[in-house]
Amino acid sequence: MANSFQRFTDQSILGAVATITLTEPELAQALFDAPQAIVSHGTEADPVFRYANAQALKLWEMDWDSFTHLPSRLSAEPAGDIQSDRDGLLKAALTIGWIDKYAGVRISSTGRRFEIQNTILWNVVDDAGVHHGQAAFIRDWRFL
(Lines give C-alpha, C1' and ligand atoms only; values in the text may rest on other atoms or scores of the structure.)
Protein backbone atom coordinates (compact mmCIF):
# COMPACT_ATOMS: atom_id res chain seq x y z
CA MET A 1 0.00 0.00 0.00
CA ALA A 2 2.76 2.46 0.96
CA ASN A 3 4.84 1.50 -2.09
CA SER A 4 1.87 2.04 -4.43
CA PHE A 5 1.23 5.42 -2.84
CA GLN A 6 4.83 6.46 -3.47
CA ARG A 7 4.86 5.14 -7.06
CA PHE A 8 1.66 6.99 -8.00
CA THR A 9 2.13 10.24 -6.07
CA ASP A 10 5.93 10.47 -5.90
CA GLN A 11 5.50 11.17 -2.15
CA SER A 12 6.09 9.14 1.00
CA ILE A 13 2.82 8.29 2.75
CA LEU A 14 4.62 9.03 6.02
CA GLY A 15 5.79 12.47 4.96
CA ALA A 16 9.41 13.11 5.90
CA VAL A 17 9.93 9.46 6.91
CA ALA A 18 11.32 7.47 3.98
CA THR A 19 9.31 4.26 4.01
CA ILE A 20 12.11 2.42 2.21
CA THR A 21 14.31 2.68 5.33
CA LEU A 22 11.76 0.95 7.56
CA THR A 23 11.40 -2.79 8.10
CA GLU A 24 7.98 -4.21 7.23
CA PRO A 25 6.89 -4.38 10.90
CA GLU A 26 8.08 -0.79 11.48
CA LEU A 27 6.22 0.43 8.38
CA ALA A 28 3.05 -1.41 9.39
CA GLN A 29 3.18 0.16 12.87
CA ALA A 30 3.93 3.64 11.50
CA LEU A 31 0.96 3.43 9.10
CA PHE A 32 -1.34 2.17 11.85
CA ASP A 33 -0.26 4.99 14.17
CA ALA A 34 -0.31 7.77 11.53
CA PRO A 35 -2.36 10.85 12.46
CA GLN A 36 -4.14 10.72 9.09
CA ALA A 37 -6.86 8.15 8.45
CA ILE A 38 -5.81 5.42 6.01
CA VAL A 39 -8.21 2.80 4.61
CA SER A 40 -8.22 0.34 1.73
CA HIS A 41 -10.67 -1.99 0.07
CA GLY A 42 -10.28 -5.01 -2.18
CA THR A 43 -11.25 -5.77 -5.77
CA GLU A 44 -14.54 -7.57 -5.18
CA ALA A 45 -17.61 -6.54 -7.22
CA ASP A 46 -18.84 -4.90 -4.00
CA PRO A 47 -15.44 -4.03 -2.44
CA VAL A 48 -14.94 -4.79 1.25
CA PHE A 49 -12.54 -2.86 3.43
CA ARG A 50 -9.27 -4.72 4.05
CA TYR A 51 -7.43 -2.18 6.15
CA ALA A 52 -7.99 0.72 8.51
CA ASN A 53 -5.44 2.38 10.72
CA ALA A 54 -6.19 3.52 14.28
CA GLN A 55 -7.36 6.98 13.18
CA ALA A 56 -9.80 5.49 10.63
CA LEU A 57 -11.18 3.02 13.18
CA LYS A 58 -11.74 5.96 15.53
CA LEU A 59 -13.48 8.03 12.83
CA TRP A 60 -15.81 5.22 11.81
CA GLU A 61 -16.26 4.15 15.45
CA MET A 62 -15.56 0.51 14.66
CA ASP A 63 -13.19 -2.22 15.70
CA TRP A 64 -10.86 -3.96 13.22
CA ASP A 65 -13.04 -7.04 12.70
CA SER A 66 -16.21 -5.03 12.02
CA PHE A 67 -14.47 -2.59 9.70
CA THR A 68 -12.73 -5.25 7.65
CA HIS A 69 -16.08 -6.93 6.95
CA LEU A 70 -17.78 -3.71 5.81
CA PRO A 71 -18.48 -3.12 2.11
CA SER A 72 -16.82 0.25 1.45
CA ARG A 73 -19.97 1.69 -0.16
CA LEU A 74 -21.65 1.46 3.26
CA SER A 75 -19.15 3.93 4.69
CA ALA A 76 -20.77 6.71 2.64
CA GLU A 77 -24.29 8.08 2.75
CA PRO A 78 -26.70 6.03 0.65
CA ALA A 79 -28.13 9.07 -1.17
CA GLY A 80 -27.97 8.60 -4.95
CA ASP A 81 -25.85 11.63 -5.89
CA ILE A 82 -23.30 10.99 -3.16
CA GLN A 83 -22.90 7.32 -4.11
CA SER A 84 -22.66 8.12 -7.83
CA ASP A 85 -20.05 10.84 -7.15
CA ARG A 86 -18.08 8.38 -5.00
CA ASP A 87 -18.33 5.66 -7.63
CA GLY A 88 -17.23 8.06 -10.37
CA LEU A 89 -14.16 9.15 -8.44
CA LEU A 90 -13.21 5.57 -7.62
CA LYS A 91 -13.44 4.73 -11.33
CA ALA A 92 -11.35 7.79 -12.22
CA ALA A 93 -8.68 6.74 -9.73
CA LEU A 94 -8.75 3.23 -11.19
CA THR A 95 -8.15 4.61 -14.69
CA ILE A 96 -5.63 7.32 -13.84
CA GLY A 97 -3.94 5.54 -10.91
CA TRP A 98 -4.68 8.17 -8.28
CA ILE A 99 -6.57 11.37 -7.60
CA ASP A 100 -5.93 14.12 -5.10
CA LYS A 101 -8.15 16.52 -3.16
CA TYR A 102 -11.12 14.14 -2.91
CA ALA A 103 -13.85 15.11 -0.44
CA GLY A 104 -17.06 13.39 0.58
CA VAL A 105 -19.44 12.68 3.45
CA ARG A 106 -19.03 9.47 5.41
CA ILE A 107 -21.01 7.88 8.25
CA SER A 108 -19.67 6.16 11.35
CA SER A 109 -21.16 2.99 12.80
CA THR A 110 -23.22 5.12 15.22
CA GLY A 111 -24.61 7.31 12.43
CA ARG A 112 -22.29 10.24 13.06
CA ARG A 113 -21.68 12.10 9.79
CA PHE A 114 -18.30 13.53 8.88
CA GLU A 115 -16.79 15.04 5.78
CA ILE A 116 -13.44 13.76 4.61
CA GLN A 117 -11.37 16.41 2.84
CA ASN A 118 -8.02 16.75 1.12
CA THR A 119 -8.00 13.00 0.48
CA ILE A 120 -5.80 11.04 -1.91
CA LEU A 121 -7.35 7.95 -3.54
CA TRP A 122 -4.96 5.54 -5.23
CA ASN A 123 -4.75 2.04 -6.65
CA VAL A 124 -2.97 -0.57 -4.57
CA VAL A 125 -0.72 -2.38 -7.03
CA ASP A 126 2.16 -4.66 -6.10
CA ASP A 127 5.62 -4.66 -7.68
CA ALA A 128 4.50 -7.27 -10.22
CA GLY A 129 1.66 -5.00 -11.39
CA VAL A 130 -1.14 -7.00 -9.74
CA HIS A 131 -4.05 -4.78 -8.68
CA HIS A 132 -5.18 -5.47 -5.10
CA GLY A 133 -7.74 -2.69 -4.60
CA GLN A 134 -7.82 0.98 -3.77
CA ALA A 135 -6.85 3.03 -0.75
CA ALA A 136 -7.54 6.45 0.71
CA PHE A 137 -5.22 8.74 2.64
CA ILE A 138 -7.54 11.12 4.49
CA ARG A 139 -5.62 14.20 5.54
CA ASP A 140 -8.51 16.25 6.95
CA TRP A 141 -12.05 15.71 8.21
CA ARG A 142 -14.75 17.56 10.07
CA PHE A 143 -17.81 16.31 11.89
CA LEU A 144 -21.16 17.56 10.59
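Biologist: Why is P47 called buried?

Modeller: P47 has a relative accessible area of 19%. Buried means under 20%, exposed over 50% and partly exposed in between, with a 1.4 Å probe and protein chains only; P47 is therefore buried. This is a predicted model, in which local features need pLDDT of at least 70 and side-chain atom pairs count only at pLDDT 80 or more, while totals for chains, interfaces and linings use all residues. Residues are numbered from 1 along each chain as its sequence is written, and side-chain values use heavy atoms, with hydrogens and water left out.

Biologist: Where is P47 found, and what is P47 in contact with?

Modeller: The loop between β1 (37–41) and β2 holds P47; strands are DSSP runs of E with at least two residues, and helices are runs of H or I with at least four, numbered from the N terminus. Contact means heavy atoms within 4.5 Å. Leaving aside neighbours within four places in sequence, P47 is in contact with H41, G42, L70, P71 and S72.

Biologist: What makes β2 and β3 edge strands?

Modeller: Two strands pair if DSSP finds at least two bridges between them. The open sheet has 5 strands in the order β2-β1-β5-β4-β3, with antiparallel pairing. Strands β2 (49–52) and β3 (98–107) each pair on one side only.

Biologist: How do you know that β3 pairs with β4?

Modeller: There are 7 bridges between β3 and β4 (residues 113–125), and the definition asks for at least two; the strands therefore pair. They run antiparallel, and Y102 stands opposite T119 in β4.
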